[in-house]
Amino acid sequence: MLHWLLDPWSDPINLRALVEVVALGATGGALGCWIVFYRLAYSAESLAHALLPGLVVASLAGAPLVVGGAAGLVVAALAVAVAGRTPAIGHDTAVAVVVTGLLGLGALLALSPDTPARLQELLFGDVLGVGTGDLVLAGALTAVVLGALALLHPSLLVVGFDRASAAALGRSALAVDVALGVLVALAILVAVQGLGNLLVVAVLVAPAAAARRVTRRLASMMAVAVAIAVACGAIGLYASFYLDTASGASIAGALVLAYAAANMLPAARA
Amino acid sequence: MPDRGAVSRAEPDPAGAPGALSPRVSPSSDVAVACEGVSLAYGARTVLRDVTFAVRRGERAAVLGPNGGGKTTLFRALTGELEPVAGRVIAPGRCGVVPQTERSRLDFPVSALDVALMGAVSRLPWWRRPGRADRAAAHAALERVGLDAMADETFGDLSGGQRQRVLLARALVQDARVLLLDEPFSGLDTRSTDLVMGLLDDLAAEGRTLLIATHDVDQARAWDLVLCLNGAQVAFGPPGETLTLPTLERTYGGAIVELPGGGGHGVLPPHHHDH
């Protein structure tokens, strides 16, 4: 049994992947709690999908994916802001139109005959292919996001609980929204390297949604969400190793199963 | 470009503007919160005009008006969230807000103590968490509203009256000298109403100033002052001067009638009055 558990990690490739999913799990689990409470799951998913053209262009140009992803995020945010100003369509519709357009553009670029065959990596990630630079980036992201969440905790709580009274309590709802949006964008930017454009939202939403079902307080919810995210990351890698399945999809599948299992348990009173 | 108004967070100096406030306020009075010719707008749409009043320390003022009459908008200006497009708001530091409980997130996994503790956040820089002294203050505030035994209960599980008292405890932890209460008796049973009413009396007795948005005309008679709003200031002064039938009709845009059996006053829609 012990051999069965330890065998995958004797390979440096799998070990690096494990470190990556632990870092992404800690980030996604903790940040995901605020994404769930601020009802940002749709925005997070939209941002993740809309940065595909940036990733594809970076891939074509041989530039670091993180640079292309950042540029893609900026373009997506601007496009949503402009489309959202059209009075005839609502904000949700504007986001849907922009995201569909950008995702389609990204696929078009990636599927052109001259494009290197990396579309699958961009869409579904390649957690087994992470290098030392990716790990450093994921570690830095984890430190930044968890540090920022710790500092912002009272403000996030005040604005999230009672937005209308935030100003009276000395907190700017706009500033807190912007700070949370930046953290979500950062998390997507880095996590997309490992989990891909389509699966990254799983680690940002599913662990927190599952933890919400079984906990009554925010602190315990965050701890359980991180534990679920990390455990599902490891389970996904085991599945990939022993069943020869795609690693990113296996991790996402484990996260969704964890959410389904949590929904079968009696809900915590809260 | 309209002439932008101002929000003064310094202690008011009534001597500097004699006669600019309500006529009932003398230059030597101890004004806690005041507006001078304040107009408020959302974008290009002005929603409240020409508000001028002053409330002294320890006074309780009812803010009467129909839905959409400007009560909540005025409170947003008093907290500094909304800047006046004309006139001047004078408020000492931050006003404490006690909103209607259903406007908070009842699905948030926070305890009564967590909510009371949020009051301490206003006194801390954004990166600091409340400490041990703040927790002690939160427990003391919950005890004062009769809920310390329920400190660990989930906020959303409490009754409407209990939630209202927890939000009041939050304002006490904030130690605000001016409290803005948005329909604090809405949906409360008689016992909870009496409890909250007693608490408000105590808070006024210790020198805090209370502005209470309400629809209850008869309850407003118990307060020191009444401010009537309906898109603009209709009246301000003691209940005996302001709670007249013509003023109330102008405030609510309908006829005020005496309910049978001593049941207080009711408001008829405008078309009843017109015909």
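This is a short walk through the nonpolar core of the structure and then through chain B. Keep in mind that the model is predicted.

I'll start with the core. The largest nonpolar core counts 172 residues. Three residues have the most contacts inside this core: A:Ile188, A:Ala225 and B:Ala116. As for who contributes, helix H9 of chain A, residues 173–214, gives the most, with 25 residues. On the chain B side, residues come from both domain 1 (1–95 + 176–190 + 208–243) and domain 2 (104–175), so the core lies between these two domains.

Which residues is A:Ile188 in contact with, once its neighbours within four places in sequence are left aside? They are A:Ala44, A:Leu47, A:Ala48 and A:Val200.

Now chain B as a whole. Its secondary structure comes to nine helices and twelve strands. The chain has 275 residues, and 47% of them count as buried. Taking the contacts in chain B with a separation of 6 or more, 65% are between residues 24 or more positions apart.

One helix of chain B is worth a look on screen: H8, residues 245–252. Which of its residues are buried? They are B:Leu248, B:Thr251 and B:Tyr252. Viewed down the axis of H8(B), the buried residues fall within an arc of 80 degrees, so they line one face of the helix. Just after H8(B) comes B:Gly253, with a positive phi of about 70 degrees.

To recap, the core of 172 residues lies between domain 1 and domain 2 of chain B, and H9 of chain A gives the most to it.

Definitions and conventions
Residues are numbered from 1 along each chain as its sequence is written. Chains are lettered from A and ligands numbered from 1 in the order in which they are written. This is a predicted model: local features need pLDDT of at least 70, side-chain atom pairs count only at pLDDT 80 or more; totals for chains, interfaces and linings use all residues. A nonpolar core is a set of buried Ala, Val, Leu, Ile, Met, Phe, Trp, Tyr and Cys residues joined through C-beta atoms within 7 Å. A residue is buried if 20 or more other C-beta atoms lie within 10 Å of its own, exposed if 12 or fewer, and partly exposed in between; C-beta atoms are placed from the backbone. Helices (H or I, at least four residues) and strands (E, at least two) are DSSP runs, numbered from the N terminus. Domain bounds come from an automatic or database domain assignment. Two residues are in contact if their C-beta atoms, placed from the backbone, lie within 7 Å. The arc is that of the directions from the helix axis to the C-beta atoms.
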